[in-house]
Amino acid sequence: MSDSNTTDFTHPSTFILMGIPGLEAAHVWISIPFCTMYAIAILGNFTILFIVKREPSLHGPMYYFLCMLAGSDLVLSMSILPKMLSIFWFNSREIDFSACLTQLYFIHCFQVTESGIFVAMALDRYVAICHPLRHSTILTNPVVGKIGLAVVLRSGVVVLPFPFLLMQWPYCRTNIPQAFCTHMPVAKLACADIHIINFYGLFVQICVMGLDGIFILVSYTQILRAIFCLPTKDARLKTFGTCSSHLCAIIVFYFPGLFFSLTNRFHQNVPLHFPVLIANVYLLISPILNPLIYGVRTKQIWGRLRRLFTHKAEEGQKEHERQMALKHLELEAEERKQAKHLEMEMEVKRLDTELKLKQLELERAKVGLPVNPNNPSPEIRMDDLLLAVDGGQTSRLSLLDLFALLEPVVNEVLLSHLGGSRSPEI
């Protein structure tokens, strides 16, 4: 499909996402920081959800709202970055018309959802600081759940006109000059008057997110008044510290959003890739920084995260010690087994030797040789052997028995010859 297709489409089958116009040759290098940002956003927000779920002391309104924010950030980042990275890595630029409308709906819906969550978190800080004794009775779990549901429903209803309006128009072009779908770049491709969606977008910016910002401003005005009424400087700093994470997250969300909205509508003499890069950074900066802000500046989450890693390290050390102790026990058991086996072998040899001596005594008795009951292996003299031969008993002895009978005689002969003793009697 050409870059400037002017054929009228009632509903084009696909749009073409251009990525970052003017920087196509650098898409692979640009993908590296965006891939890193995606990994940080996914890991950070899942870590927030995991820590709040595992730590019972964090089961409170502030952390429930933080979990809602983390969930919104996850959906927002997963709605944008997979398709963006496929463009950068595989040049997969086509996106179905319905998929484009679905993507822009989720992007805008969860942007408005984040704004509503920040309002809910401002309400939580207002009640906690200005009415601390009533905090647990005002913001109960059912109330927190209803606030979260209201925020999501408001976002879904407010953003719903965007895809419905875009579905009604014919389109003259299909090339979207960025890496994801949002309502204004898609609307500019239509062969129709788009003032209505432009005005509705301004309405959402001013009357929804603008009112959210005003409500947050009023809440923090009351919070600051209550803080300055505290008697000591330490108390004021400690109380204000409970709001610092929320204030940082609000600044990260609203100020880049305002800048992006203005550049998207009124940019005239700036390079085309500049507002596209601003849009990419704006939509990803909040999902990346929110878990870092709350993880570092919120003592409960940071402490639980450190305990989690410390506990894992201690568990690893204990597991290593258990494995070493188990190996030591296995070695001891093997040594005992080998010692027992050696002892049994020696006992078998001893019994075998005794059995052979008994058999030798029986053979001596059969051939008529004298047996000394006090000496299990009596010395055999040559006279005894001759007596056995003269008596006609030689045939009863086997060859091995004969050798056994002759062995003491031979030994005595050798000893007498070497030692100068008397010769044996033969």
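Is Leu 230 buried, partly exposed or exposed? With a relative accessible area of 27%, Leu 230 is partly exposed, where buried means under 20% relative accessible area, exposed means over 50% and partly exposed lies in between, calculated with a 1.4 Å probe on protein chains only. Before selecting anything else, note that this is a predicted model, in which local features need pLDDT of at least 70 and side-chain atom pairs count only at pLDDT 80 or more, while totals for chains, interfaces and linings use all residues. Residues are numbered from 1 along each chain as its sequence is written, and side-chain values use heavy atoms, with hydrogens and water left out.

**The loop at Leu 230**

Stay on Leu 230, which is found in the loop between α8 (195-228) and α9 (233-266); helices (H or I, at least four residues) and strands (E, at least two) are DSSP runs numbered from the N terminus. If you leave aside its neighbours within four places in sequence, Leu 230 is in contact (heavy atoms within 4.5 Å) with Ala 235, Arg 236 and Thr 239.

**The whole chain**

Now zoom out and colour by secondary structure, which comes to 13 helices and three strands. Of the 426 residues in the protein, 40% are buried.

**The sheet**

Select the strands next: they form an open sheet of three, in the order β2-β1-β3 and with mixed pairing, two strands being paired if DSSP finds at least two bridges between them. Because β2 (94-96) and β3 (175-176) stand at the edges with a single partner strand each, one side of each is left without a neighbour in the sheet.

Strand β1 (residues 14-17) pairs with β2 in the antiparallel sense over three bridges, and the bridge partner of Thr 14 in β2 is Asp 96. The pairing of β1 with β3 is parallel and runs over two bridges, with Ile 176 in β3 as the bridge partner of Leu 17.

In a regular strand the side chains alternate between the two faces of the sheet. Show the side chains of β1 and you will find both faces covered, since Thr 14 and Ile 16 on one side and Phe 15 and Leu 17 on the other are all buried.

Asn 91 has a positive phi of about 55 degrees, although it is not a glycine.

Centre the view on Phe 34, which touches Leu 81, Met 84, Leu 85, Phe 88, Asn 280 and Leu 284 when residues up to four places away in sequence are not counted.

**The ring pairs**

The last stop concerns aromatic pairs, of which a search of the whole structure finds 12; rings of Phe, Tyr and Trp (its six-membered ring) pair if their centres lie within 6.5 Å, and planes under 30 degrees apart count as stacked, over 60 as edge-to-face and the rest as tilted. Select Phe 15 and Tyr 171, an edge-to-face pair at 5.6 Å centre to centre with 80 degrees between the planes. This pair links distant parts of the chain, with Phe 15 in strand β1 and Tyr 171 in the loop between α6 (161-167) and β3, 156 residues apart. Phe 15 is buried at a relative accessible area of 0%, and Tyr 171 also counts as buried, at 0% relative accessibility.
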